[in-house]
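Please read them with the structure open beside you.

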Amino acid sequence: MENNQEIAFNIFLKNFKKNVSKIGLKNSIQKDYILKVLYFSKEHLTAEEISNKIREIYNVSIGIATVYRAMKFLHDMKLVNMLDVGGSSIRYELSLAEHHDHLICNNCGAIFEFTDEIIEEQQEKVAKKHNFILKEHVMTIYGLCEKCQ
C-alpha cells in the first residue's frame, strides 16, 4: 500500500508528464527516476549523487551526461533549482518547496536553508524603489558554519 508521500509523488509525476506532452516533448523513464530521487531526497544533490542513488535504490544505470541534460531540461521547466556551492559542484533540489534561501559553508560545504520575512520585504522595497518588477530571486550566503569556525 502506498503512503501519502508516494501518492503525492505519483500525482506530481503524472502532472509533469502531462505538461511535457502539452509542449510537444517526450518524457523518459530516466527523468522519472531523477525526479523520484530528488522528490524523496532531504539533501541538495550533485548530478553524480543523483546517478549513484538511482543505481543504488532502483538498480538502474543512468549515464552522467543524461543526468546533466535532464537537469538542464528540468531547470528550464522551473522544476529544479540549481545551487552553486563553489568550485565545480552544482547541487540540485526540486523547486516545489516554499521559497527559501541558502547558507553555504565554504569549508565543509554544508547547506542550510532559511527563510526571513524581513529580507523578503526588503527585496520588494528595493525593487519598487527602482521601478523594477521582482519576478524571482536567489539568495545564497557563503561563510563558515558553526562547526568550521
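From which domains does the lining of the largest pocket draw at least three residues each?

1. The model is a predicted one, and in it the lining of the largest pocket takes at least three residues from domain 1 (2-94) and at least three from domain 2 (101-143). The domain bounds themselves come from an automatic or database assignment.

2. The space in this largest pocket comes to about 460 Å³. Its lining is made up of 19 residues, and those nearest the centre of the pocket are Asn-81, Ser-95, Glu-136, His-137 and Val-138.

3. Three strands, β1 (80-84), β2 (90-94) and β3 (101-105), each give at least two residues to the lining of the largest pocket, and β1 provides the largest share, with 4 residues. Sorted by class, the lining of the largest pocket holds 7 nonpolar, 7 polar and 5 charged residues.

4. The second largest pocket contains about 200 Å³ of space, and 13 residues line it, with Leu-38, Ser-41, Glu-93, Leu-94 and Glu-113 lying nearest its centre. Two or more residues of this lining come from each of α2 (29-40) and β2, and the largest share, 3 residues, belongs to β2.

Methods. Residues are numbered from 1 along each chain as its sequence is written. This is a predicted model: local features need pLDDT of at least 70, side-chain atom pairs count only at pLDDT 80 or more; totals for chains, interfaces and linings use all residues. Side-chain values use heavy atoms; hydrogens and water are left out. On a 1 Å grid over the protein atoms alone, a cavity is a set of points where a 1.4 Å probe fits but cannot get out, and a pocket is an open set with protein on both sides within 12 Å along at least five of seven lines; lining residues have an atom within 4 Å of a point. Grid points are joined across faces, edges and corners, and a volume is the space filled by probe spheres set on the points. Ala, Val, Leu, Ile, Met, Phe, Trp, Tyr, Cys and Pro count as nonpolar, Asp, Glu, Lys and Arg as charged, and the others, Gly among them, as polar.
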